[in-house]
There are 4 protein chains.
Amino acid sequence: MTDSPDSKNTSAFKHKDQYYRDYLQLDTILNAQHMVSSEPGNIEAHDEMLFIITHQAYELWFKQVLFEVGAVIGIFSQENVAEKDVALAHHYLNRINRIMPVLISQFDIIETMTPGAFTDFRSYLNPASGFQSLQFRQLEIGLGLRAAERREFGGQTFHSRLDQRDRDAAHKATEHASLLEVMIKWLERMPFLEHKDFTFSEALKNVVHEMYEADRERLRNSDSPADGIQQQLDQIDKTEAGFDALFDAEKFEALRREGNLRLSMRASHAVLFIFLYKDYPLLQIPYRLLTQLIELDENMAIWRFRHAQMVSRMIGSKIGTGGSSGHSYLIMTADKHRVFTEISNISSYLIPGQFIPALPDGLAKKLEFNFES
Amino acid sequence: MTDSPDSKNTSAFKHKDQYYRDYLQLDTILNAQHMVSSEPGNIEAHDEMLFIITHQAYELWFKQVLFEVGAVIGIFSQENVAEKDVALAHHYLNRINRIMPVLISQFDIIETMTPGAFTDFRSYLNPASGFQSLQFRQLEIGLGLRAAERREFGGQTFHSRLDQRDRDAAHKATEHASLLEVMIKWLERMPFLEHKDFTFSEALKNVVHEMYEADRERLRNSDSPADGIQQQLDQIDKTEAGFDALFDAEKFEALRREGNLRLSMRASHAVLFIFLYKDYPLLQIPYRLLTQLIELDENMAIWRFRHAQMVSRMIGSKIGTGGSSGHSYLIMTADKHRVFTEISNISSYLIPGQFIPALPDGLAKKLEFNFES
Amino acid sequence: MTDSPDSKNTSAFKHKDQYYRDYLQLDTILNAQHMVSSEPGNIEAHDEMLFIITHQAYELWFKQVLFEVGAVIGIFSQENVAEKDVALAHHYLNRINRIMPVLISQFDIIETMTPGAFTDFRSYLNPASGFQSLQFRQLEIGLGLRAAERREFGGQTFHSRLDQRDRDAAHKATEHASLLEVMIKWLERMPFLEHKDFTFSEALKNVVHEMYEADRERLRNSDSPADGIQQQLDQIDKTEAGFDALFDAEKFEALRREGNLRLSMRASHAVLFIFLYKDYPLLQIPYRLLTQLIELDENMAIWRFRHAQMVSRMIGSKIGTGGSSGHSYLIMTADKHRVFTEISNISSYLIPGQFIPALPDGLAKKLEFNFES
Amino acid sequence: MTDSPDSKNTSAFKHKDQYYRDYLQLDTILNAQHMVSSEPGNIEAHDEMLFIITHQAYELWFKQVLFEVGAVIGIFSQENVAEKDVALAHHYLNRINRIMPVLISQFDIIETMTPGAFTDFRSYLNPASGFQSLQFRQLEIGLGLRAAERREFGGQTFHSRLDQRDRDAAHKATEHASLLEVMIKWLERMPFLEHKDFTFSEALKNVVHEMYEADRERLRNSDSPADGIQQQLDQIDKTEAGFDALFDAEKFEALRREGNLRLSMRASHAVLFIFLYKDYPLLQIPYRLLTQLIELDENMAIWRFRHAQMVSRMIGSKIGTGGSSGHSYLIMTADKHRVFTEISNISSYLIPGQFIPALPDGLAKKLEFNFES
């Protein structure tokens with residue numbers, strides 16, 4: 001970065017002088033590319049350099065992403081998370097979501113390698129594979145992907161292609177709290193779902209019920225053909241019933257036991273509360289934070305999708321094999337390995353602004369700044 | 001665009017004077033946004049403007065993409081396609097592949113609409129739906145997606161949500177030759193697969209067989225444990241067998257009858273020929289053209305994937321419904337609606353450069369420039 | 001957008017049924033492309049369609065950007081801007097900053113038109129020019145670019161290439177408050193620069209002075225060569241002096257009179273206060289808002305830079321003319337037409353966290369949430 | 001990359017088994033980040049990790065870009081460049097132009113570091129500076145930027161901030177042929193500017209003259225007001241005169257001596273020939289290659305522009321200093337350090353397709369494939 005003397009406001013006391021090349025350890029970084037194709041007996045393949053550097057760039061950025069994810073987990077591992085720290089966590093997640101598009105764009109680079117050029121050195125790399133990226137596994141684990149949810153390729157067991165050292169590291173990662181877990185706990189602690197005689201879930205159920213009752217009333221009074229009306233009434237019943245599972249502890253737990261839900265009912269309510277009342281100052285950053293989690297999930301999914309496409313383009317699939325191998329597996333995991341889907345799915349419970357239950361004054365006040373104090 | 005007098009090399013003879021606003025019909029374009037939410041009785045929703053303009057921008061670009069796809073189909077509908085025209089077709093496809101990333105990025109824009117903001121005006125738009133985009137359907141049809149391959153949502157019949165006019169237009173689109181069809185015919189006419197006593201498929205099969213025989217020989221002479229050797233020998237057999245379907249007319253036709261293949265065997269061979277001999281001057285543009293088709297297919301898939309994510313984020317999915325509705329359908333079609341997969345899959349038949357059969361001189365000469373002539 | 005029945009939580013009462021094509025006025029939008037090159041007597045130029053549609057897409061998005069800028073100006077035109085509204089303004093600015101990259105990417109599309117292809121129809125468009133985009137002018141004016149600051153091309157007077165109607169509209173735009181103006185007023189009203197006997201500017205000047213005094217002390221006690229020490233002492237004096245203009249009303253006004261400053265001294269202090277204390281809950285969104293203004297300025301600059309490059313590529317410059325015409329003008333304005341530079345320049349006054357003066361308790365409390373209340 | 005057994009067509013003979021982590025030297029790459037801020041006595045700054053990794057990612061990609069630039073220079077250093085190799089050079093340049101947008105996007109990442117966060121560790125890095133990136137200098141030198149053209153910051157001499165080792169390496173880079181130089185030589189050797197009694201420059205001058213004569217004739221016969229006609233006649237004279245410098249050896253050399261031109265007259269004619277006859281098969285790849293050079297130049301300029309913006313945002317500029325320091329310098333070099341401007345400027349000499357002189361049959365035949373041979 002340019003160094004302009006007039007802009008330094010910091011102590012002139014000299015630390016050790018730094019030099020760009022040494023500070024960044026460039027002698028190390030820029031000499032860590034060894035092309036196997038250029039070894040004696042092999043045929044040098046120009047594009048192996050691109051292959052190496054692209055993968056190294058990925059791993060560098062994975063380190064950065066893991067570093068930020070770790071910081072966010074650290075923040076939410078505190079028992080009380082100060083507003084300042086929520087903002088910091090949002091800031092780090094936003095950073096990750098700026099890194100991800102660059103990682104996604106890097107596929108545009110690697111795809112300038114023709115499949116033919118890859119074929120020229122592919123056999124030298126045997127049996128190394130991108131499946132062996134420890135950091136990518138640590139990232140998915142750190143976000144909250146559980147081993148049981150992971151779809152493994154070709155029936156292989158978890159981490160089967162890692163060597164012992166990487167396998168140990170991957171298993172160790174599963175022992176730490178994931179981002180998903182600490183977020184859930186933070187959401188569950190949110191103290192705004194009840195306030196004196198106000199209960200968020202009751203208030204919401206009531207307005208939803210009134211909203212649908214009004215619809216039913218209008219329909220009964222309309223002069224449309226009877227069967228059309230009945231169809232619409234049935235639809236309303238179904239839609240209203242859709243709210244139930246979110247507010248009925250028993251139904252909710254049944255679904256959880258089936259393994260379909262990651263969030264607890266209380267955490268889900270907290271998400272919905274934040275979605276509905278996001279304009280209150282105290283909830284502005286939390287709402288943006290939840291949005292960052294959704295975007296992170298989406299970015300990971302896009303990365304996996306692009307990765308699947310790249311693999312497909314490079315190694316193809318023989319006729320008659322149904323493209324069943326790597327490609328289909330990777331395409332399938334693109335979406336399935338998301339971990340925050342229940343946050344984005346909460347949109348399904350939103351209602352238009354005019355129907356959202358007003359908060360009692362005392363509660364509203366807690367969510368606002370209070371200049372008189 | 002800036003207008004600098006020194007750079008005009010064209011007739012000074014005056015055509016009708018053009019004015020930016022009139023030339024672009026901006027009075028029309030910029031007054032075609034009607035917010036339903038601002039009608040009497042409704043509650044004005046600021047974000048409806050974004051919703052309208054984003055969709056209009058999509059449709060404008062779809063028109064452009066259709067225009068270019070039409071031009072490419074026109075080029076390949078000729079009986080003899082001059083090299084100049086192949087280059088032009090490549091140029092137009094490259095243009096489409098520059099438009100697509102912009103269309104994909106537009107999701108970043110629409111996603112600045114919060115799900116809550118969408119909920120505020122969503123009911124006003126009932127039952128309009130992005131499924132009703134005629135141009136997007138025409139595009140998929142124009143590329144070569146057949147009605148039978150289209151996965152429809154919720155068992156609905158083809159085009160069921162279009163009105164009669166759009167349905168007619170969509171059906172009409174199916175009557176024209178698709179890009180896939182004209183490309184196949186062009187590939188089938190490629191005159192280089194046989195040359196005097198040289199037959200590409202035979203030559204290739206031979207070197208592949210020799211390649212694997214050499215592997216077998218080395219294995220038999222190795223002093224590795226016997227069962228490891230057997231495993232590798234089995235693997236070689238399997239891999240070699242994988243070549244068969246591509247060169248065995250009967251097996252190939254059987255697969256075609258099952259509906260799994262869009263390309264004929266001859267067209268597939270032409271693709272493989274172009275992939276292997278892409279460095280010959282005559283094949284340089286055709287190879288780049290095939291790559292553009294793969295990228296177009298990929299870009300369409302990414303667009304559909306991002307679209308699925310956007311829908312999911314905006315409308316979510318209620319707990320217990322398994323997110324089974326729009327989202328899963330859209331995610332599934334993202335990859336399944338690709339039409340040029342067999343071109344990218346041909347990579348599976350590539351062999352390292354040193355094994356590629358040399359072309360006979362007479363044939364090679366046809367593929368090169370001949371300055372002596 | 002996909003329409004999945006289970007996710008509607010809104011009144012079933014029927015509004016007028018909407019159909020995608022009619023709602024978006026596609027019959028209008030998609031029939032507003034008239035290629036002059038296809039008129040009788042002209043030679044049809046395929047790429048004119050791209051030229052038209054790209055410009056229309058730009059104008060569509062300019063409308064959206066103007067719509068959002070207008071909303072933000074509206075918010076900050078209020079005498080008291082509620083936190084909720086500051087967050088909304090941030091949200092709209094963030095949206096603009098997601099639109100801008102798409103507008104910048106659109107140059108990738110138009111640049112697929114070869115200069116030769118443009119030459120084929122360029123004379124038909126005479127003398128229409130992108131300089132005639134009213135909306136782009138309105139945008140620059142709305143952000144705060146003053147006529148006096150605008151560098152006009154070739155000595156032409158302001159708006160000289162617009163017709164009367166557009167000229168009137170452009171002049172009218174100058175009569176409204178700009179984003180810059182309303183932001184300055186909002187910053188000036190910020191009530192945190194003084195609190196009882198705490199004055200932000202004094203507190204900051206003091207710590208800065210102490211910081212440099214400590215540096216001087218260390219230098220005087222060091223055993224480095226005397227002239228090196230003197231050089232560093234001079235540097236410290238110079239750096240400290242650099243703080244003066246920001247806190248000295250007379251010096252500041254002198255610079256303002258020279259026309260170099262857009263922000264008042266008080267507004268500048270408010271920016272610096274927000275930069276330094278951005279972690280306090282009340283300042284989190286304002287800080288992000290200022291960052292959005294910087295990014296908007298940068299995005300506009302990048303757009304202008306890319307535009308300049310595109311023009312240069314399309315129409316070039318004859319040898320010996322020094323490329324002096326359109327290109328150099330446009331390159332020059334890319335950065336010079338920024339309006340929020342003083343916000344990004346405030347970074348020059350930042351000091352490391354450990355030196356930032358602590359706020360008095362009473363003031364700090366105003367900037368935090370107060371759950372006990 | 002995924003490793004799917006059915007898609008390997010290569011020798012099963014075992015090379016040394018590769019493991020992902022070892023092949024990519026990840027133990028080296030991922031342990032080369034040392035945060036100075038975490039040393040004893042310093043205050044740890046979270047964002048220093050981002051700072052290090054971003055710069056390392058830049059340097060990794062610079063290595064790749066230099067690798068490709070070197071390969072292209074190698075290709076054009078041959079006395080006869082086979083078509084196959086021109087295509088390969090185009091391929092590598094296209095790759096660089098896919099890398100550049102990623103490098104440009106990386107500014108989005110580093111800009112998530114707030115200026116405040118940078119201030120917290122900036123003094124520890126003293127006096128290291130991005131100006132010390134040897135590879136970036138090597139890249140500019142390799143493309144063809146000459147020391148005399150380089151605008152140095154603050155009157156500093158060339159490379160003044162590099163240490164001796166880097167200075168030596170930078171000087172060594174200037175001793176090799178640059179991409180610009182080898183391209184010029186290749187263009188000068190192009191054998192199509194004369195063919196028997198056809199001379200490209202004469203043929204072009206003739207049609208241009210006829211074109212303008214026809215314009216003059218039409219004007220003289222028009223019944224417009226006399227002074228308007230005279231104005232247009234003057235304009236035509238001026239435009240026609242603009243062609244002169246390109247075709248008049250004396251005028252051209254005069255401009256070259258002034259140091260304004262990098263290309264020789266013959267090389268310029270070759271560029272124009274390729275631009276005008278780009279549809280001939282032999283010129284398709286050369287035309288695309290020239291376009292890649294223009295895009296590379298533009299991408300470098302955008303990178304420098306974004307870099308200038310980033311520096312400006314991070315360190316700002318104190319009031320009254322006029323922002324004169326790093327920012328203005330960097331902004332200025334963004335465009336000035338381009339080296340292929342004369343290629344894009346050639347667009348100024350293009351004429352509409354119907355006026356382009358037809359090539360004599362013998363010459364045209366050389367530019368086409370000849371299937372009868």
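Two residues are in contact if their C-beta atoms, placed from the backbone, lie within 7 Å. The structure is a predicted model, in which local features need pLDDT of at least 70, side-chain atom pairs count only at pLDDT 80 or more, and totals for chains, interfaces and linings use all residues. Residues are numbered from 1 along each chain as its sequence is written, while chains are lettered from A and ligands numbered from 1 in the order in which they are written.

**Exercise 1. The interface of chains A and D**

Task: Determine how many residues of chain A are in contact with chain D, and which helices of chain A supply the touching side.

Solution. 
Step 1. The contact involves 75 residues of chain A and 75 residues of chain D.
Step 2. Helices are DSSP runs of H or I with at least four residues, strands are runs of E with at least two, and both are numbered from the N terminus. In chain A, at least two residues of the side that touches chain D come from each of α1 (20-23), α2 (26-29), α3 (48-76), α4 (83-110), α13 (281-315) and α14 (326-336).
Step 3. With 14 residues, α3(A) provides the largest share of that side.
Step 4. For the classes, Ala, Val, Leu, Ile, Met, Phe, Trp, Tyr, Cys and Pro count as nonpolar, Asp, Glu, Lys and Arg as charged, and the others, Gly among them, as polar. The side of chain A that touches chain D then comprises 33 nonpolar, 29 polar and 13 charged residues.

**Exercise 2. Relations between copies**

Solution. 

**Exercise 3. The overall form of chain A**

Task: Describe the secondary structure, dimensions and burial of chain A.

Solution. 
Step 1. Chain A contains 16 helices and two strands.
Step 2. Its C-alpha trace spans about 85 × 70 × 40 Å along the principal axes.
Step 3. The radius of gyration, taken over C-alpha atoms, is compared with a globule rule of 2.2 Å times the number of residues to the power 0.38. For chain A it is 26 Å, whereas a compact globule of 373 residues would have a value near 21 Å.
Step 4. A residue is buried if 20 or more other C-beta atoms, placed from the backbone, lie within 10 Å of its own, exposed if 12 or fewer, and partly exposed in between. Of the 373 residues in chain A, 50% are buried.

**Exercise 4. A helix pair in chain C**

Task: Identify which residues make the contact between α12(C) and α13(C).

Solution. 
Step 1. The axes of α12 (residues 265-276) and α13 (residues 281-315) of chain C come within 9 Å and cross at roughly 115°; axes are lines fitted to C-alpha atoms, for helices over the stretch in contact, with angles from 0 to 180 degrees between N-to-C directions.
Step 2. From α12(C), the contact uses V271(C), I274(C) and F275(C); from α13(C), it uses L283(C), P286(C), Y287(C) and L290(C).
Step 3. By class, this contact has seven nonpolar, no polar and no charged residues.

**Exercise 5. Individual residues**

Task: Decide whether I141(B) and K196(C) are buried or exposed, and find where P127(B) lies.

Solution. 
Step 1. I141(B), in helix α6 (residues 134-143) of chain B, is buried because 21 other C-beta atoms lie within 10 Å.
Step 2. Not counting residues up to four places away in sequence, I141(B) touches A170(B), A173(B), T174(B) and S178(B).
Step 3. K196(C), in the loop between β1 (194-195) and β2 (198-199) of chain C, has 8 other C-beta atoms within 10 Å and is therefore exposed. Its phi is near 50°, a positive value in a residue other than glycine.
Step 4. P127(B) lies in the loop between α5 (115-122) and α6 of chain B, and the peptide bond from N126(B) to P127(B) is cis, with omega near -10°.
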